[in-house]
Amino acid sequence: IRFILMKYWSQKDCIKEFIINFAIMKSYHVSIYTTGEELPSLDESNFFHSSELFHIIEASPGERPYMAVARDDSGKIVGHMLSFIRRRSSWLPPYFYTQGRIYGEGVYADEVSKDKVFASLLHALTRKFHRKLCFYIEFSDLSRKMFGYRYFRAEGYFPVNWQEVHNSLHSMNPADRLSERMRDRIKRVYGYGVETREAQTEDEVHAFYRLLNGFYRLKMRRIIPPESQVRQFYKSDNGRIFITLYKKRVIGGSVCVFSNGNAYLWYLASKRKIYAGLHPNLMTVWYTIQWSWQHHYQHIYFLDVGLPFSKNPFREFILSFGGKPVAKYRWFKFTIKWINHLLSFIYRE
């Protein structure tokens, strides 16, 4: 009896939540654009929800962008959110599926309730991804851990605790945050002839991409962007490709993008086992941080340091540069109901 009552009240709460969301969403009309020619004029301050990134994704094989734009009753744009569907496949092990992906919560006009507009955009994109038969949808890099909590829950998403690392660049020189041992190591590796700098030619970008592709090939959760997309980041004013070289050979590199006065390290790869003594990961990350500080960015964010396990070597490595660990939620929804229910139960709080 207790189980039945709990289930009844749980369903009742979901119905109440849906009614609340429906009342909110009636205030806004959401249009979803899939081609660059149709896009209206948008606020370009956030690179992850910009027309520029939309066009980059549109030109990338295996990916398709969806820009959700919310308007009020007068037709004024009050918010927009860029999402995209990517195809993921492999011969070994064999698999094929599509994934819906969103970085951040979008861009909103100052005079509106951000939460209410977000509810409208979330509802519209979730329905769109369901119709496109995405295997699952993933939201990450939200500004606050609890942002949009009840709206995600009402749409059937479940949260997974995730770890982020943010380095502040505006208060002091990043070198002052390093330990004496780390500074000595960087100096010693530079003495071996290792060089880190921006990629300067298409050939260097191609060499970095080969490294990136090999580094992520056997990592199931990692994403390998198409080479054309990496080349677009290289050409963009809002992106940089940094490479670490030893004897003119690329042994490490990163993709960094810039938005709202902050730097975001998106992809990182290196030959850290073959060149363990040269610490290519260390040199690449350090140069990326130093370059961002010299160009007056406020913070650098590492977009994926993984699940918050007590022992996470990569997280500890990133934290060694003086960053701050930040606990966030990453939200998921699987379109196959029984899988979504099972994972919701496993990751219940």
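Colleague: Is Asn167 buried or exposed?

Modeller: First, this is a predicted model, in which local features need pLDDT of at least 70 and side-chain atom pairs count only at pLDDT 80 or more, while totals for chains, interfaces and linings use all residues. Residues are numbered from 1 along each chain as its sequence is written, and side-chain values use heavy atoms, with hydrogens and water left out. Buried means under 20% relative accessible area, exposed over 50%, and partly exposed in between (1.4 Å probe, protein chains only). Asn167 has 2% relative accessibility, so it counts as buried.

Colleague: What does the side chain of Asn167 reach?

Modeller: The side chain of Asn167 reaches the backbone oxygen of Phe321 at 3.4 Å. Asn167 itself lies in strand S7, residues 158–168; strands (E, at least two residues) and helices (H or I, at least four) are DSSP runs, numbered from the N terminus.

Colleague: How far apart are the end C-alpha atoms of helix H3?

Modeller: The expected span of a helix is 1.5 Å times one less than its number of residues. For the 18 residues of H3 (114–131) this gives 26 Å, and the end C-alpha atoms are 26 Å apart, which agrees. Buried residues of H3 include Phe118, Leu122 and Phe129.

Notes
Polar contact = N/O pair within 3.5 Å; in protein donor to acceptor, adjacent residues only side chain to side chain.
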